[in-house]
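User: I would like to learn how to read helix packing, aromatic pairs and confidence in a model. Please take the features one at a time.

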Amino acid sequence: MTITDTSPASAVRGPAAASAPAEQAWTPRLWGVLAVLCAVLFLDGLDVSMVGVALPSIGTELGLSTTSLQWIVNGYVLGYGSLLLLGGRTADLLGRRRVFLTALAVFAVASLVGGLVSDGTLLIVTRFVKGLAAAFTAPTALSILTTTFHEGRARNRALSVFSVFGASGYSSGLILGGLLTSFGWRWTFLTPVPLALVALVAGIALIPRDKPAADGGHDLVGAVTLTGGMLLAVYTVVSAPDRGWLDPVTLGSVALAAALLIGFVVTENKVRHPLIRLGILRIGSIVRANLSIVALFGSYLSFQFMMTLYLQDVLHWSPLKMAMALLPAGLIVAFGSPFVGRLIDRYGTPRLITSSMTSLSLGYVWFLATAGNTPHYAFTILPTMLLLGGGFAFGFSSIMAQATDGIDDSEQGLASGLVQTSGQVGAALVLAVVTALVAGGTSGGGGDFAEFHPGVNLVSGVAVVGLVLNLIPLLRLTRAKRA
């Protein structure tokens, strides 16, 4: 790996402050490649938000509890997060184009099967398989982007466009999910199928062939221990409230999960081609980016899960009305993200990530301060969604840019896979704890939000920790620069 600049000053300044390469020409084919990559991110956002809207309807038809419903979300998230690193490494070794197109085809098939099954367990399995496919498309798409667009202005601009499509997919998924769920929740699973096929055909035509790495190998032991440890950890957190934290099965699960994760670390230090080259975690800016994505994804996904259940199961809002209530956050991201690339050039990623964490924290704190037991939409929910949207708009592109900045092309798959793994695994763990806290809270009536307060307290704490982790180093570096 080649680090272009790891000095403290480089963590504060933006990419534009470094020696700027020649401006990259944006040809029609270059735009076409970006469009295909954006389409896949659009599908990811579309799928997550459509299924989120449909959760109460799925639970009613298939007789699933709140704990089971969270597995429809976490099945995807864990499948996605558990093999992201292997997906990124596979792209580096076998060729990004080949891995991207193969995984996209599996994603389409899994979407189709998910819309046809009638058993809750099978539905969760299809979500897990779909997450596994996304574990290969997501880091590969990002590594194709970061190796196609030169570091600096061109890459920041491409990442901003990339983020817009993710937000647009999320926003569109809210509206489509509300409309489609009115006809039947299965349509929220079937709709991505033709879109994925169109992206697949366009990818075959536009994405240039690339050469696999000359040497290297897969770390299958590392992949198995990491995946097993994460799955068991989340399962333990979800099941412990019912079984008891001191139950022998719970204690055994904790011990086995810890052993698997320790085994993963030991493996990474010994194998010739580790899944994670642990030396990358010695770079402070990359560590902060990975922790920041945990705060961003973990808090927001969990808050959306709670609001979906509250608005539909407690207030008995229609799926479309609920979707429109949450839509402002997606719109803020969609319209704000195009400007983030220029802001990164001017202010640098640390300042923007700190601003993101500030906006998220203010959103959750405002909700806690004003919600009471019956949160008012205009006074409490709407301002919260606007602040969360602002946090996501500033945060996503900035975190992705910081997580891959200065990394050699040969390890872009690793760096992008690492940050996305952090986000997905962090989201799964936070959601698991939130579900354990509020599992009995969806049976209330009369608009009572009291049972959800512990979950909101948790996501607020996660966001505040993310803010502190970024604010303290930024203040130290700013003072050092002024001295």
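Analyst: Two packed helices are described by the angle between their axes and the distance between the axes. Here, helix α5 (residues 96-114) and helix α6 (residues 120-148) have axes that come within 8 Å and cross at roughly 155°. Axes are lines fitted to C-alpha atoms, for helices over the stretch in contact, with angles from 0 to 180 degrees between N-to-C directions. Helices are DSSP runs (H or I, at least four residues) numbered from the N terminus. The angle makes α5 roughly antiparallel to α6; the classes are roughly parallel under 35 degrees, roughly antiparallel over 145, roughly perpendicular from 65 to 115, and oblique for the rest.
The model is predicted: local features need pLDDT of at least 70 and side-chain atom pairs 80 or more, while totals for chains, interfaces and linings use all residues. Residues are numbered from 1 along each chain as its sequence is written, and side-chain values use heavy atoms, without hydrogens and water.

User: What is the handedness of the crossing of α5 and α6?

Analyst: The crossing is left-handed, meaning that the near helix is turned anticlockwise from the far one by less than a right angle; clockwise would be right-handed. The contact of α5 with α6 has 15 nonpolar, seven polar and two charged residues. Nonpolar means Ala, Val, Leu, Ile, Met, Phe, Trp, Tyr, Cys and Pro, charged means Asp, Glu, Lys and Arg, and the others, Gly among them, are polar.

User: At what angle do helix α3 and helix α10 pack?

Analyst: α3 (residues 66-82) and α10 (residues 220-243) pack at about 160°, with axes 11 Å apart. That makes α3 roughly antiparallel to α10, and the crossing is right-handed. Contact means heavy atoms within 4.5 Å; the residues involved include Trp71 and Leu78 of α3 and Met230 and Tyr235 of α10. By class there are eight nonpolar, six polar and no charged residues.

User: How many aromatic pairs are found in the whole structure?

Analyst: A pair of aromatic rings is described by the distance of the centres and the angle of the planes. The search finds 13, where rings of Phe, Tyr and Trp (its six-membered ring) pair if their centres lie within 6.5 Å, and planes count as stacked under 30 degrees, edge-to-face over 60 and tilted otherwise. Phe303 and Phe367 have ring centres 5.2 Å apart and planes at 90°, so they are edge-to-face. Phe303 lies in helix α12 (residues 284-314) and Phe367 in helix α15 (residues 349-371), 64 residues apart.

User: Where does pLDDT stay under 50?

Analyst: Where pLDDT is low, the predicted coordinates should not be read in detail. pLDDT, the predictor's confidence in each residue from 0 to 100, stays under 50 over residues 1-20. The chain mean is 80, and 89% of residues reach 70 or more.

Conventions. Helix = DSSP H or I, 4+ residues; strand = E, 2+ residues; numbered from the N terminus.
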